2 protein chains.
Amino acid sequence: MTTIKDIAKAAGVSVTTVSRGLNGYSDVSEKTREKIVRIAKELNYSPNTLARSLVMNKSKTFGLLVSGLNQSSAKDNITFGILAGINKFVGESGYDIVLFSTTSTKQREKTYTQLCKERRVDGAIIQGIRTDDPYLKEVVESDIPCVLIDIPLTTPSVGYVTTDNILGAKKAVQHLIHMGHTRIGFINGHGFAFVSQQRLIGYEEALKEATIPINQEWIGNGEFCEVAAERVALKLLEDHPEITAVFCASDLMALGVLKAARKLGMDVPNELSIVGFDDIILASYVTPSLTSIAQDTFQIGYEAAKLLLSILENEAGSHVVSLGTELKVRESTKPPRQQ
Amino acid sequence: MTTIKDIAKAAGVSVTTVSRGLNGYSDVSEKTREKIVRIAKELNYSPNTLARSLVMNKSKTFGLLVSGLNQSSAKDNITFGILAGINKFVGESGYDIVLFSTTSTKQREKTYTQLCKERRVDGAIIQGIRTDDPYLKEVVESDIPCVLIDIPLTTPSVGYVTTDNILGAKKAVQHLIHMGHTRIGFINGHGFAFVSQQRLIGYEEALKEATIPINQEWIGNGEFCEVAAERVALKLLEDHPEITAVFCASDLMALGVLKAARKLGMDVPNELSIVGFDDIILASYVTPSLTSIAQDTFQIGYEAAKLLLSILENEAGSHVVSLGTELKVRESTKPPRQQ
DNA sequence: TCAAAAAACCGAAACGTTTCGGATAACATT
DNA sequence: AATGTTATCCGAAACGTTTCGGTTTTTTGA
């Protein structure tokens, strides 16, 4: 493994000059600079970033803490989209990503701060942790630059990117209302997610603005999980046959509701309309295809990385970015039958 | 940022003793060891892995070179599965992953060796590159421990993991033959993938063993791409209406063929049977659901990381692992109609 | 009580960079 | 000729660890 010293020896100059030459400083003559570069190439030198990072105290590395990098979240590839988006930006900016493989949420041996400090990452991006996760407290306490996804929290060194979930949910419910539905159920995710709270607000606002009373009994918690949502929906639809439409806080849960409807012999969309959230790929492939609120996970990842870099470089400007949604109307929604 | 020196000062011992104490060496008394550990915790010390890696000449890091970490490969989440599998193993083994964000294949500024040497990764896992990729030559030339996915190449320091694609393809075609099909088309991926060659062999072997002649005109190249496959299938099915079944080297291409059949007004499976490869999630959700050969991408990733570690630790044993496949029979295959 | 053995500790070098402060040489200015 | 400027270069320290070889202290055994 050739080092800067080898080059220095071969070129007959000091290591200082080699370093400054390779890094394009002005106080080395063009002639020796060329010589240094040539020799470096001949010995196919590549700099040791470890040593460099050690002395410069920055590593050109982002730490990534994602919860969904496991078999179970293959269906909604939200995590994948975000990852890809981050990857895209990072590829353009000379940084690299280290994936912190946080094992099972319960059995963590290292704290967030330890993870970041040990690897000396310049900043971190966190996705998919719950609002009651102990990591979150560390994020605000430590001053490690950090971007959160879907968790509203800002300090001088932390920002977040999210989707406009209130408006998104509102669009979904308004779509149902415009079709003539008034008895609209809601399967939300668990309460430890910011997005759940927002989507609930959106749901309620849409109803309020249409002067439709809110019925707490029509609201269930599907834990963002297909089977849990199916179970909850089964009970909800049995107990409340008056419901003609259900809005789900995720497409995965919408799939669960679809199954529940099928089990109860209810026809979608003729007897029950369903709209989901996320617009995962499956949404357009299932039968009936799913009306959904699309959010651009790729963009979320891209913006997160971009925001992190701007925080790192102390750029002025907001530390929050909020992205839009789009209603995708498909087969699972239809006006209710006249009774 | 507290260092080993701070601890040494606080504990009244040398840095040597602190280092050896924290790392559990035997020549430090239990009493001082406890003291050191206590103080380390009080100052909430975390070791600087950069410094450690620098002197120990290993980084406890795997480099990851995946091609499919982009928006376009969200549909088949093969890359995601592999990533998740790697992540799982790595989480159990104390290593971390750095994602090399290789930008567009054409415009690479750094070579494979540079990437690995700069970050001083202990080993690398490479997925999704074509057999004509220049990186591949570097892999064999450099002696960086490396595990390839779906590229058969071994040296003392490189191994690979793959699926038994010959047998997998054979199963698919045999399934069709057993149903009574004899005029079976094949949409393969591009020739720069090892898996394409293998799946072709499997296709041919199955036919040969059933003494069915191989017709080159029934074999098309769909580039592993849905739209390309649709185009190719359109022509294939028009030119050769005698074909009653098509085997596709990927589910994505099978979806393309499905679309082509739909455009031609052919009913699947009554007029045309289709079987795919990969068993992506969509396979079981589309209508008609897709008969497919399942390969376990999660397992592939897991085994790849495991193999890399064993190579790193100079364990004896084979440097190749081959995984099995499973035929998933669904709605897209049916015996041909009697004519 | 003394020597030998064992246990506990430590100094300093090393890993490969960057960078501060200064040194040398060449040149221009008075 | 003396001074000031500028262009090049370099020595050495620093980053935070690990580890080699050695030293000191304690224990053991006769």
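1. Let's start with the distance between two domains. In this predicted model, the centres of domain 1 of chain A and domain 3 of chain A, taken over C-alpha atoms, are 64 Å apart. The bounds, which come from an automatic or database domain assignment, are 4-47 for domain 1, 61-163 + 296-324 for domain 2 and 165-295 for domain 3.

2. A word on reading the labels and the model. Residues are numbered from 1 along each chain as its sequence is written, while chains are lettered from A and ligands numbered from 1 in the order in which they are written. Local features need pLDDT of at least 70 and side-chain atom pairs count only at pLDDT 80 or more, but totals for chains, interfaces and linings use all residues.

3. Now compare the two protein copies.

4. Next, the DNA. Among the 27 residues around DNA strand D, the nearest are V13(A), V55(A), I4(B), S19(B) and A51(B) (near means that the C-beta atom, placed from the backbone, lies within 6 Å). The helix α4(B) gives the largest share of this surface, five residues (helices are DSSP runs of H or I, at least four residues, numbered from the N terminus).

Technical notes:
Helices (H or I, at least four residues) and strands (E, at least two) are DSSP runs, numbered from the N terminus.
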